[in-house]
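Please read it alongside the sequence and the structure shown here.

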Amino acid sequence: MSTFLADELTGLQTQIAGDVITPTDVRWDHARQAWNLDVDQRPVAIVYPESADDVVAAVRFATANAVCIAFNGGGHNAGTISWDRPTLLIKTEHMRAITIDPDRRRARVEAGVLAKPLAQAAGAHGLTFLEGTSPNVGVVGYALGGGLSWMVRKFGLCCNTILSVEVVTADGRLVRADHATEPDLFWALRGGSGNFGAVTAIELELFPIAEVYGGALFWPIERAEEVLLAWRSWVDTVPDECFSLGRLLQFPDAAEIPQEMRGRSFVLFETAIIGDAEFGASLIAPMRALGPEIDTIEMMPTTELTRINMDPNAPVAYAGDGFLMTDFTAKAITTTIDLFVGSPLVHIEFRHLGGAAARRSESHGALSSIDDPFITFTFGLVSAANSHDDTTHQVNRLLDGLREWNSGHRYLNFAETPVDPRSIFTDGNYDRLRQIKAQYDPHGIFQANHRLSQDQ
Ligand SMILES: Cc1cc2nc3c(=O)[nH]c(=O)nc-3n(C[C@H](O)[C@H](O)[C@H](O)COP(=O)(O)OP(=O)(O)OC[C@H]3O[C@@H](n4cnc5c(N)ncnc54)[C@H](O)[C@@H]3O)c2cc1C
């Protein structure tokens with residue numbers, strides 16, 4: 001870091017209420033950690049804004065000093081950020097205010113709010129937002145990147161339930177973008193992620209669903225082929241009220257895993273069904289008829305949705321990736337089993353999309369729909385026994401084995417390695433995004449997890 005920048009950063013600290021942390025600070029190594037502990041974030045400094053005013057000051061500082069800006073909200077997709085230019089990392093974990101308007105069914109969340117607290121705040125009013133599997137993803141990062149929730153087949157992508165965005169643009173203005181004001185910026189943010197400005201808060205639509213019929217069925221992994229084949233046939237019969245995924249899990253022999261699962265491997269079916277127990281039970285009857293060893297499916301509050309997938313509560317070191325699929329055929333199933341079972345990988349999942357996920361609308365943002373019917377994601381833990389390179393090799397080996405069903409399209413939130421941005425958006429939307437980027441961020445100071453081009 002140059003002396004000049006050090007002096008300027010000291011100046012920034014005097015202008016904002018939050019902390020500015022530099023590499024000489026004893027808190028540096030902890031501060032630069034992402035949620036994935038295998039990621040090496042290399043900013044020039046880290047800013048912890050306490051308010052939108054602090055964010056404005058940080059953006060003005062960056063513009064004035066030709067420094068880029070990157071973001072950690074929940075920090076779940078930090079591995080793809082490029083640090084090849086001097087970059088200030090904004091960590092929004094001190095901006096966690098939530099306001100629920102139950103009458104208008106909307107929530108305003110500040111930039112650092114995580115999924116579980118929002119689910120609980122909305123749930124207190126019998127409402128839910130379109131929440132994914134993890135309790136601790138950042139709501140803003142998740143929603144700006146698309147947002148595949150447990151209800152995506154019924155209500156579409158979470159990004160298209162954003163009602164307004166409060167955002168600081170590269171010229172240091174705090175604006176409120178919605179359908180009527182700054183409509184291009186509003187359109188771009190809904191799916192285009194952090195490429196266009198520093199978001200300080202978003203307003204999201206809430207849905208009057210207090211309970212779902214949800215949970216998981218577990219079978220020993222030896223039954224993987226039979227169960228996944230049955231699930232694949234079954235998904236063709238279900239209505240949009242039903243979201244489900246098929247999954248293989250190889251639990252490590254670790255103390256934090258429940259005793260009955262520790263060191264064991266399973267094939268799972270997980271679901272969330274909008275409707276009552278009678279409706280849900282009749283829908284899943286063919287899957288239940290396969291006689292699972294463990295059955296957790298019951299009526300459950302939507303505040304507990306993140307329990308279903310058992311995503312980790314705390315940061316972990318892992319390597320993973322995924323892509324959208326044209327189909328999940330019998331051959332894809334046997335290929336998956338051959339490559340996954342006995343490998344050091346922990347997890348592979350196949351989510352069933354379709355329904356509202358694939359329905360476009362003029363009122364939507366830059367990611368209007370996802371047309372492919374399935375999406376996969378796999379990961380392994382990085383540890384002393386399995387290095388980053390070894391685990392990445394296993395992930396790539398498995399995904400390469402599935403390339404026949406790779407649609408060539410990527411879903412930004414599930415892309416944990418840099419991807420060609422043209423694979424995320426339709427051609428027309430990609431071109432429009434680049435025009436809006438040039439208009440709102442001509443010097444390319446905002447470094448999103450996925451850039452719109454290498455020359456930004
Ligand atoms: C265990 C796990 C489970 C997951 N489950 C799901 C799921 O069910 N469905 C799904 O769709 N995705 C899921 N994801 C992916 C997740 O949605 C993405 O990783 C998402 O980017 C996480 O947001 P974040 O704030 O936690 O990440 P971050 O790394 O903090 O942010 C990701 C990106 O969002 C943008 N961003 C964040 N904050 C701001 C801001 N204040 N201003 C401007 N831009 C900002 C930036 O481009 C940033 O690089 C999961 C990920 C993990 C690790």
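In this predicted model, the shell around the ligand takes residues from both domain 1 (3–91) and domain 2 (98–208 + 428–439), so the ligand lies between the two domains.

**Ligand shell**
- Among the 32 residues around the ligand, those that come nearest are Gly-74, Gly-132, Gly-138, Gly-141 and Gly-194.
- Two or more residues of the shell come from each of strand 3 (68–72), helix 5 (139–144) and strand 9 (198–205), and helix 5 gives the most, with four residues.
- By residue class, the shell holds 19 polar residues, twelve nonpolar residues and one charged residue.

**Nonpolar core**
- The largest nonpolar core contains 147 residues, and Ala-58, Ile-69, Leu-88 and Ala-143 have the most contacts inside it.
- Helix 3 (residues 52–64) supplies the largest share of this core, namely seven residues.
- Beyond its neighbours within four places in sequence, Ala-143 is in contact with Cys-158, Cys-159, Ile-162, Ile-202 and Leu-204.

**Overall fold**
- The protein chain has twelve helices and 17 strands, and because its radius of gyration of 22 Å is close to the 23 Å that the globule rule gives for 456 residues, the chain is as compact as a globular protein of that length.
- Of the 456 residues, 52% count as buried.
- Of the contacts between residues at least 6 apart in sequence, 73% join residues at least 24 apart.

Notes
Residues numbered from 1 in each chain as written. Predicted model: local features only at pLDDT ≥ 70, side-chain atom pairs only at ≥ 80, totals over all residues. Near = placed C-beta within 6 Å. Nonpolar A, V, L, I, M, F, W, Y, C, P; charged D, E, K, R; others polar. Domains from an automatic or database assignment. Core = buried A, V, L, I, M, F, W, Y, C linked by C-beta atoms within 7 Å. Buried ≥ 20, exposed ≤ 12 C-beta atoms within 10 Å, placed from the backbone. Contact = placed C-beta atoms within 7 Å. Rg over C-alpha atoms; globule rule 2.2 N^0.38 Å.
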